[in-house]
Amino acid sequence: MLLQNCKDSLYGGIHELVAFEKCSAFKERVNPLYGHAMNRNDRVAELLERLPTIYPGAHCELEFTSPLELLVATILSAQCTDKRVNMTTPAVFTRCRSARDYAEISQEEMEEMVRSTGFYRNKAKNIRAMGAA
């Protein structure tokens, strides 16, 4: 395997991907389709192809029903467990159904809803700014 040829490779999960991406042997590898060294897009395509093998059955622990909800849940997940985020988001998602709702909610009300996730002032500010963008 190519990784075994890289002296700076680490073992396991994302460390393997990072080492794979940084490995000079990988970067210099000739793409059989194009006959030249792999560029960044080629490397990304190969890394994405390998992800399911490295992380079989991977899924997102955050509960959401739309891309907007996923974005909000992701903001809330900073320095917080997914379990805590999943306990917090139902009230947030019920109160705010659109980006406009996030922009128009008061800072104090948003802070109170997300207080249990920690760093609630910044999270509330960033969620409201995201809705206004």
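Modeller: Below we go through charged pairs, cysteines and rings in turn. This is a predicted model, in which local features need pLDDT of at least 70 and side-chain atom pairs count only at pLDDT 80 or more, while totals for chains, interfaces and linings use all residues. Residues are numbered from 1 along each chain as its sequence is written, and side-chain values use heavy atoms, with hydrogens and water left out.

Colleague: OK, how many salt bridges are there?

Modeller: The structure holds four salt bridges, where the term stands for a side-chain nitrogen of Lys or Arg within 4 Å of a carboxyl oxygen of Asp or Glu.

Colleague: Which residue does Glu46 pair with?

Modeller: Glu46 forms its salt bridge with Arg50, and the closest N and O atoms are 2.9 Å apart. The two are four residues apart in helix 3 (residues 40-54), so about one helical turn separates them; helices here are DSSP runs of H or I with at least four residues, numbered from the N terminus.

Colleague: And is Glu46 buried or exposed?

Modeller: Glu46 is buried, with a relative accessible area of 13%, whereas Arg50 counts as partly exposed at 26%. Buried means under 20% relative accessible area, exposed means over 50%, and partly exposed is in between, using a 1.4 Å probe and protein chains only.

Colleague: What about Glu104, what does it bridge to?

Modeller: Glu104 pairs with Arg100, with 3.5 Å between the closest N and O atoms. Both lie in helix 6 (residues 99-104), four residues apart, which is about one turn of the helix. Glu104 counts as exposed at 57% relative accessibility, and Arg100 is exposed too, at 59%.

Colleague: Switching to Arg115, which ring does its charged end sit over?

Modeller: The charged end of Arg115 sits over the ring of Tyr120, 4.2 Å from its centre; the rule asks for NZ of Lys or CZ of Arg within 6 Å of the ring centre and within 35 degrees of the ring normal. Arg115 also forms a salt bridge with Glu112, the closest N and O atoms being 3.2 Å apart, and Arg115 is partly exposed, with a relative accessible area of 37%.

Colleague: New topic: how many disulfides do we get?

Modeller: The count comes to zero disulfides, taking a disulfide as a pair of cysteine sulfur atoms within 2.5 Å. As for the cysteines, Cys60 is partly exposed, at 41% relative accessible area, while Cys80 is buried, at 18%.
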